[in-house]
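Thank you for giving me a few minutes this morning. Please bring the model up on your screens, and then we will go through its helix contacts, its ligand and a few details of its backbone.

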Amino acid sequence: MSKKQEVAEQFGDRLVVIDHPLIAHKLSVLRDKRTPTNIFRDVARELTMLEVYEATRTLPTTSIEVETPLATTTCETISGREPVIVPILRAGLAMQDAFTTLIPTAPIAHLGMYRDEETHEPIEYLAKMPPYIAQRSVLLVDPMLATGGSLIAAIKTLRDRGVKHLTCVVMVAAPEGVQRVFEYDPDVRIFTAALDERLNDDAFILPGLGDAGDRIFGTLAIND
Ligand code: PRP
């Protein structure tokens, strides 16, 4: 059994690999190395919107009475306060707009983190959190889950601030990283558009889509 199959079976209910033709199609555009930055950004936003739809499926609702032009009826509305959206900089910024389009009043908290190119360890350089974050659900957002180091560091930062209900939304995940994240914190849920095969020797996801941050911000070395 491949690592991918093993991880998919082991974490079935906590790991949601969203199976949908629109997501599959948009992901194929993102994976294609010929896709230019402007298209990459647009499609990343569209794909994230589809993921938001799935990742917010269990938000609690409350019944309210609404008068339509013809009758009074009972409708469901989102109950409680909005979740806080936490994009991990830089690449998570490409997903932020999709969340705020669908949950316009959700607060945004930023976590700045980059992976040291030699050690692959995450280095945190920004944590801008609202003081009430412990009282809200949190949606932690980053396109790539490779070794899991960045996500684990972000989860630690949020748990240290008292966050209890935590959902991670990524686009592409490596089985090795998923396993590490669940070993660190068995209570998170991960939504992803794809569970890929494995990491290469440079800790890049295979087949993956390359360096998401560089493709989103047009900072690929090839453009020099
Ligand atoms: C990428 C990606 C994740 C991280 C994933 O960010 O956006 O944050 O690497 O790798 P990991 O699971 O092994 O930690 P990067 O460090 O390239 O920073 P950037 O978003 O600023 O480009």
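Before the helix pairs, we need to know that an axis here is a line fitted to C-alpha atoms, for helices over the stretch in contact, and that angles run from 0 to 180 degrees between N-to-C directions. Helices (H or I, at least four residues) and strands (E, at least two) are DSSP runs numbered from the N terminus. Please keep in mind that this is a predicted model, in which local features need pLDDT of at least 70 and side-chain atom pairs count only at pLDDT 80 or more, while totals for chains, interfaces and linings use all residues. Residues are numbered from 1 along each chain as its sequence is written, and side-chain values use heavy atoms, with hydrogens and water left out.

Let us begin with helix α1, residues 3-10, and helix α6, residues 175-184, which pack at an angle of about 35° with their axes 9 Å apart. The crossing of α1 and α6 is left-handed, a word used if the near helix is turned anticlockwise from the far one by less than a right angle, with right-handed used if clockwise. Where the two helices are in contact (heavy atoms within 4.5 Å), α1 contributes Lys3, Lys4, Glu6, Val7 and Gln10, and α6 contributes Pro175, Val178 and Gln179. Sorted by class, this contact of α1 with α6 has three nonpolar, two polar and three charged residues, where Ala, Val, Leu, Ile, Met, Phe, Trp, Tyr, Cys and Pro count as nonpolar, Asp, Glu, Lys and Arg as charged, and the others, Gly among them, as polar.

Helix α6 also packs with helix α5, residues 149-160, at an angle of about 20° and with the axes 9 Å apart. The two are therefore roughly parallel to each other, since angles under 35 degrees count as roughly parallel, over 145 as roughly antiparallel, 65 to 115 as roughly perpendicular and the rest as oblique. Here α5 passes α6 in a right-handed crossing, and Gly149, Leu151, Ile152, Ile155 and Lys156 of α5 meet Arg180, Val181 and Tyr184 of α6. That contact of α5 with α6 has five nonpolar, one polar and two charged residues.

How do the axes of α2 and α3 cross, and at roughly what angle? Helix α2, residues 21-31, and helix α3, residues 37-55, have axes that come within 9 Å and cross at roughly 155°, so α2 and α3 are roughly antiparallel to each other. Their crossing is left-handed. Among the residues that meet are Leu22, Ile23 and Leu27 in α2, and Ile39, Phe40 and Leu47 in α3. The residues of this contact of α2 with α3 divide into 11 nonpolar, no polar and three charged.

Now to the ligand, which has 15 residues around it, and of these Arg115, Asp142, Thr147, Gly148 and Ser150 come nearest; a residue is near a molecule or strand if one of its heavy atoms lies within 4 Å of it. An oxygen atom of the ligand is 2.5 Å from an N or O atom in the side chain of aspartate 142, and an oxygen atom of the ligand is likewise 2.5 Å from an N or O atom in the side chain of threonine 147. For glycine 148, a backbone N or O atom lies 2.8 Å from an oxygen atom of the ligand.

Finally, the backbone. Most residues other than glycine have a negative phi, and most peptide bonds are trans. In this model, a cis peptide bond with omega of about -5° joins leucine 89 and arginine 90, and arginine 90 has its place in the loop between β4 (84-89) and α4 (93-102).

Terms used:
A polar contact is a pair of N or O atoms within 3.5 Å; within protein, one must be able to donate a hydrogen and the other to accept it, and residues adjacent in sequence count only if both atoms are side-chain atoms.
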